[in-house]
Amino acid sequence: MPMPNERERDPMRITELTSEAFTVPLDRSWGPGVDQQHLIVTTLRTEDGATGTGFSWTPLVGAHSVLAMLRHDLPRLVVGAETAPAGVLWDRWWAGLHEGGSGGITGMALAAVDIALWDLRAKAAGLPLVDFIGRRRETIGVYGSGVNLYYELDELLEQVRRFVAAGHRAVKIKVGSPELARDLERVAAVREVLGPDRLLMIDANQRWDHPTAVRAVRALSAYDPYWIEEPLLADELPGLARFRAAVDVPVAVGENLRTGHQFRDALTAGAVDFVQPNVVRVGGITPFLRIAELAASFGVPTAPHLLPELSAQLAMCVGSVSMVEDIDRASFGALGALAEPSGVRLDAPSAHTATVPGHGLVFATERLTPLAD
């Protein structure tokens, strides 16, 4: 993992941890019942008044549980701790929560605190987060992504044309229709819009069993997919390894893996060609960086999942990286969840970062709707 820049003040003691939860409406539903996201915003405060902002996020499930853990379980571990290097504190806090599970809700709650700690320490050093961690590149590729399985074909093609017009050189669409013929028709039409030189990724979102996945991907391979994402249940690692050996399309997995151990097992099983950690779901910036460096040691690049305003910053710092996902009108900025520009520019086909000290994310909490009980 890149070593943080050492231009910091002496460690200060954390005196307060506060968290609030909000709903953020989506521009368009992602599917039945998914018309909003949940955002949990956390603030760490030290004895000298310095603050760091973190967040957790979930589209549908678990926001109340994450908030409860942040309010009832994490304060006893966090308040009173010195702002030591994030890896030291993350390991300590993870050990204190482990009784509640290695990942899942515990990891998503821990992510909010870990992100806040990185923000606080980067601010103390007077550095943007990317430079505090250790910048390895000035720009990173961005691909246009749509949650579009339920779109009619003309709507899907209109979205893809917008991606192309915006300058995207890579696009991802959903597959996993009840009938393979529907997927074949849609992928063929999208490939025609993209032409032969742009990348096309397809994402099944864990919808298939093994025989269905093999049959579908062998048929869809005629359209030159750059990867197939989550063809099976994400943690069905032996099955993913068998699937990967049976098809010629690279496999992307990771948005629904929750711990470094699961990523280790996926890599050692030979189940994955691209890892896709979500910085919140894996427990924060600290484990994200560890996972990316582990993957690089296997020759496997990281393609961060969602949350592009933070994912793009982390992608600048890891050893081997593919592209950052920008879902259509679903970044924090596009959803109106930020009070000011973050300093991360998602200008297709690339992202650039130029934040103020810290990660630059200032949430417009006064404009957001509090999470209902």
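Predicted model: local features only at pLDDT ≥ 70, side-chain atom pairs only at ≥ 80, totals over all residues.
Modeller: Begin with two helices: H4 and H11 are roughly perpendicular to each other. Residues are numbered from 1 along each chain as its sequence is written, and side-chain values use heavy atoms, with hydrogens and water left out.

Biologist: At roughly what angle do the axes of H4 and H11 cross?

Modeller: An axis is a line fitted to C-alpha atoms, for helices over the stretch in contact, and the angle runs from 0 to 180 degrees between N-to-C directions. For helix H4 (residues 105-125) and helix H11 (residues 285-297), the crossing is at roughly 90°. Their axes come within 8 Å.

Biologist: Which residues in H4 meet residues in H11?

Modeller: Contact means heavy atoms within 4.5 Å. On the H4 side there are Asp-114, Ile-115 and Trp-118. On the H11 side they meet Ile-285, Thr-286, Pro-287 and Leu-289. By class, this contact has five nonpolar, one polar and one charged residues. The classes are nonpolar (Ala, Val, Leu, Ile, Met, Phe, Trp, Tyr, Cys and Pro), charged (Asp, Glu, Lys and Arg) and polar (the others, Gly among them).

Biologist: How is H3 placed against H11, parallel or perpendicular?

Modeller: The axes of helix H3 (residues 86-97) and H11 come within 9 Å and cross at roughly 105°. That makes H3 roughly perpendicular to H11. Ala-86, Gly-87, Trp-90 and Asp-91 in H3 meet Thr-286, Pro-287 and Arg-290 in H11. The contact of H3 with H11 has three nonpolar, two polar and two charged residues.

Biologist: How many helices and strands has the protein chain?

Modeller: Helices (H or I, at least four residues) and strands (E, at least two) are DSSP runs, numbered from the N terminus. The protein chain has twelve helices and 13 strands.

Biologist: What radius of gyration has the protein chain, and what would a compact globule have?

Modeller: The radius is taken over C-alpha atoms, and the globule rule is 2.2 Å times the number of residues to the power 0.38. With 373 residues, the rule gives a radius near 21 Å, and the 20 Å of the protein chain agrees with that of a compact globule. Along the principal axes, the C-alpha atoms fill a box of roughly 60 × 40 × 40 Å. Among contacts between residues at least 6 apart in sequence, 71% join residues at least 24 apart.

Biologist: Is Glu-255 buried or exposed?

Modeller: Buried means under 20% relative accessible area, exposed over 50%, and partly exposed in between (1.4 Å probe, protein chains only). Glu-255 counts as buried, at 8% relative accessibility. Buried residues make up 58% of the 373 residues in the protein chain. Glu-255 lies in the loop between strand E8 (251-253) and helix H10 (260-268). Beyond its neighbours within four places in sequence, its contacts include Asp-203, Glu-229, Arg-281 and His-305.

Biologist: What is phi of Gln-206 near?

Modeller: Phi of Gln-206 is near 65°, a positive value in a residue other than glycine. Gln-206 sits in the loop between strand E6 (199-203) and helix H8 (210-220), and is partly exposed at 25% relative accessibility. Arg-329 also has a positive phi, near 55°. Arg-329 is in the loop between strand E10 (324-327) and E11, partly exposed with a relative accessible area of 38%.

Biologist: Which peptide bond is cis, with omega near 10°?

Modeller: The bond from Ala-348 to Pro-349 is cis. Pro-349 lies in the loop between strand E11 (344-347) and strand E12 (350-353).

Technical notes:
Parallel < 35°, antiparallel > 145°, perpendicular 65-115°, else oblique.
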